[in-house]
Amino acid sequence: MMGRLLSRIPALLRAALVVVGIYLAATAIFSGLLGQPIPASLMTMYMFFVIVGVFMAFTFTEEGARAMAAPIRALVENPALRPVRNIVFLLVPLAAGAFTYTKMLPSLEAPVELRTIHPAPPSTFKAYGKRYDLLTLENPFRKYEKEDPERFRALVAEGGKIYIRNCQFCHGDKLNGRGPFAPALNPVPLNFQDVGTIAQLQESYLFWRIATGGPGLPEEAAPWISSMPVWQNFLKEDEIWKVILFLYDYTGHRPRAWEK
Amino acid sequence: MAARRFISPLWSCLAFTLAFGLSTLVLPVTTVQAEAGNAERGKLIYARRCALCHGEEGDGAGPGAERLNPPPRDFTEGQYKFKTTGFDDIVPNDADLFRMIRDGMPGTAMPGWGDMLSDQDIRDVIAFIKTFAGLEEEKPTIQVDYGRQVPSSPESIAKGRALFHEGDRCAECHGAEGRGDAIKKLKDDGGARTWPRNLTKPWTFRASNDPKDIFTRITVGIPGTQMPSFADPKSKKRLTIEERWHVANYVASLAKTDKVPRPENTVVKVMKVEGALPTAPDDPAWEKLPSTTFLLLPQLIAKTRFFTPSNDTITVRAAYNDTALAILLEWDDRTRSIPGDPKAEEIADPGMGEDMVAIQFPVAVPKGMKKPYFGMGDGAHPVNLWQWRSGTADKPQSVALANARGFARIESRDPASAGLTARGRYDKGRWRVVFTRPLAASSPDKDITFQTGQFIPIAFAAWDGSNGETGSKHTMTTWYWFLLEPDTGLRPLVSALIVAFLFGAAELWWARSAGARKPEGEA
């Protein structure tokens with residue numbers, strides 16, 4: 001049914017529909033789901049490949065090529081279509097001229113900065129004048145969750161105090177990345193409520209990120225633009241561990257554990 | 001000043017259809033009667049979500065409070081700022097509290113909770129916070145009388161303007177242009193520093209700048225602060241209901257929409273001008289150049305940090321000619337800070353410094369992605385810092401030049417050696433400062449060279465000396481872009497014409513040859 005309907009649409013139109021469909025799907029996925037519109041320059045590049053690909057697929061057989069060309073040939077050769085032809089023949093040079101004009105104007109679109117949000121951590125790193133091994137590093141307070149729940153509650157509460165005095169300005173007091181000063185920042189402070197941040201990470205990774213901040217990131221994460229402060233300059237080691245307890249407690253996420 | 005997310009129209013259409021479909025499905029189930037707030041349940045929510053700022057005891061002294069201005073509300077006082085009950089009735093409507101808690105209070109640390117707490121949760125927490133001041137049984141008795149709303153019109157705005165200025169009614173605190181440039185030092189009942197609202201920045205209004213909200217504020221005042229009620233018959237500056245609508249319409253008209261920071265505006269476009277550059281801060285030529293406004297945040301990454309800024313935006317314009325460039329920085333500042341001047345000292349916080357502003361450029365324009373660290377560069381990537389200082393009672397304004405490789409490695413240099421100048425002017429709550437420098441660096445290994453068509457990283461910092469902003473305590477931006485627009489002349493137009501002509505010619509040729517092949521078609 002669907003197939004028959006499709007085959008009745010001229011090949012050229014079908015090809016155009018496929019291209020438009022891919023374009024719409026890509027914009028919807030990027031700006032809707034990922035919340036980040038694709039920069040126009042990247043989009044142009046993707047669409048170029050898409051068009052070439054679709055064209056090749058449709059003209060793979062000789063028959064296919066003829067079917068694709070048929071409407072264009074008809075336009076030029078069929079006298080009944082002459083008014084349409086005249087309009088098309090007027091529009092095409094105009095469009096080409098307009099395209100050239102806009103391309104010749106200098107681009108005022110800011111360069112695209114792509115960065116990895118969660119880069120692979122180093123296996124060891126230095127902070128507080130010591131070297132930490134990320135493979136074995138654990139939150140020293142996590143064990144109290146089972147062993148001494150009362151003490152654990154107190155540690156979480158201390159973590160909350162540290163958070164509200166230091167982190168809420170950017171990450172927000174709801175931990176959703178929308179603190180009062182977050183709108184002034186790019187890259188944005190991360191949203192800990194989201195399932196894509198701390199819920200995917202181990203406590204040792206968080207410790208590394210918090211202790212060494214933006215400047216501690218590897219190059220693929222563009223450390224020079226991250227405003228995440230270097231917290232070993234402001235907080236003690238155990239304070240970082242406590243604030244990590246608070247992040248998980250407030251959001252209800254669980255830290256990721258090593259797969260056994 | 002919520003960050004507005006760009007959502008493609010197609011996507012929002014889809015989401016809307018989906019949401020609409022779902023809501024028609026679940027609507028019959030969810031229309032339950034609103035339940036009265038339950039203070040017991042509210043207590044649990046409060047302990048988890050609110051106590052960190054408002055304090056376990058509701059006294060506004062939670063661990064977060066010390067670094068916040070305005071400070072979190074002290075609920076034991078039972079006094080609320082944004083209410084719609086009469087100025088002489090301390091009890092707010094539940095709906096007033098509901099609105100502040102659900103939507104939050106822009107320009108403060110108080111966020112909107114509507115996305116995390118259900119309506120019932122909010123009613124519960126309201127029932128609980130009222131117990132701190134024994135308000136649970138109290139009912140408000142006097143409501144704001146709105147009379148008949150006067151719709152906004154040029155006449156109403158003109159009347160409102162006159163009333164705003166009459167006897168310095170509002171201008172005394174909110175300034176002649178509404179920028180909140182106070183002529184006296186204001187404190188709230190708890191002793192915390194308060195700044196009169198900058199009425200040209202609607203995004204900092206706690207309760208929106210809709211005329212109805214402004215009317216409410218003028219009628220009730222903002223309890224606990226020096227913002228008075230203008231409905232109080234005892235007030236010498238009292239206004240009638242109709243007059244209050246005129247003033248509200250005028251205040252709403254002050255919103256400077258061309259200076260709203262937008263997340264998509266990341267480039268300072270520097271235009272080519274023929275002849276002399278505008279170098280005076282109030283040269284009318286500036287108005288013709290495009291402006292870009294950036295959000296400032298307090299310096300939170302290096303010792304000593306700063307948490308309580310008095311300003312949140314900076315506006316930039318720039319132009320260049322064959323040899324030099326000029327940059328105009330414009331930012332609202334409620335106080336002209338002149339250390340050593342008794343009048344300025346009176347309004348300022350103790351230890352006043354000069355007002356200052358700075359621009360940061362990389363010394364070498366990065367080839368790839370890699371920039372210097374946005375906080376004053378790093379060991380391998382130094383930055384240029386251009387700083388203007390407003391002067392003291394016995395020292396005129398000045399310009400400074402430094403190169404930095406991080407916070408701790410700053411080398412002061414002679415600004416004259418680089419040809420750097422800066423001149424500023426303060427007028428009615430706003431600084432305007434113009435920097436100029438030749439395009440070419442006199443020492444290319446130490447100073448940036450400006451070339452057209454290049455995206456150059458740029459960042460800004462500002463100091464309000466009366467707000468305790470000195471040294472590392474200041475506001476700042478992260479990296480944005482600075483672009484000297486290349487002068488293309490007629491080239492694009494000529495090329496476009498040639499391309500259009502070639503296409504047209506090819507089409508004609510094609511049509512002709514097709515016609516020649518099928519002469520019978522022409523019959």
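How many Å separate the centres of domain 2 of chain B and domain 4 of chain B? Taken over C-alpha atoms, the answer is 68 Å. The assignment for chain B lists domain 1 (4-133), domain 2 (154-255), domain 3 (262-484) and domain 4 (492-523), with bounds that come from an automatic or database domain assignment.

Some ground rules before going on. This is a predicted model, where local features need pLDDT of at least 70 and side-chain atom pairs count only at pLDDT 80 or more, while totals for chains, interfaces and linings use all residues. Residues are numbered from 1 along each chain as its sequence is written, chains are lettered from A and ligands numbered from 1 in the order in which they are written, and side-chain values use heavy atoms, with hydrogens and water left out.

Now look at strand E14 (residues 480-484) of chain B. Helices (H or I, at least four residues) and strands (E, at least two) are DSSP runs, numbered from the N terminus. 5 of the 5 residues of E14(B) are buried, so the strand is largely enclosed by the rest of the structure; buried means under 20% relative accessible area, exposed over 50%, and partly exposed in between (1.4 Å probe, protein chains only). E14(B) has strand E1 (residues 267-272) of chain B as a parallel partner, joined by 4 bridges, and here B:Val268 sits opposite B:Phe482. Strand E12 (residues 455-463) of chain B pairs with E14(B) in the antiparallel sense, also over 4 bridges, with B:Phe455 and B:Leu483 as bridge partners. Pairing takes at least two DSSP bridges between two strands.

Elsewhere in chain B, B:Asn93 lies in the loop between helix H2 (39-54) and helix H3 (94-103). B:Asn93 is buried, at a relative accessible area of 14%. Beyond its neighbours within four places in sequence, B:Asn93 is in contact (heavy atoms within 4.5 Å) with B:Thr84, B:Thr85, B:Pro140 and B:Gln143.

On to the interface: 64 residues of chain A are in contact with 69 of chain B. The buried area between the two chains is about 5,800 Å², with carbon and sulfur atoms giving 67%; that area is the accessible area (1.4 Å probe) that two parts lose on being put together, summed over both. There are 5 salt bridges between chain A and chain B, each a side-chain nitrogen of Lys or Arg within 4 Å of a carboxyl oxygen of Asp or Glu. One of them links B:Lys371 and A:Glu113 (2.8 Å, N to O).
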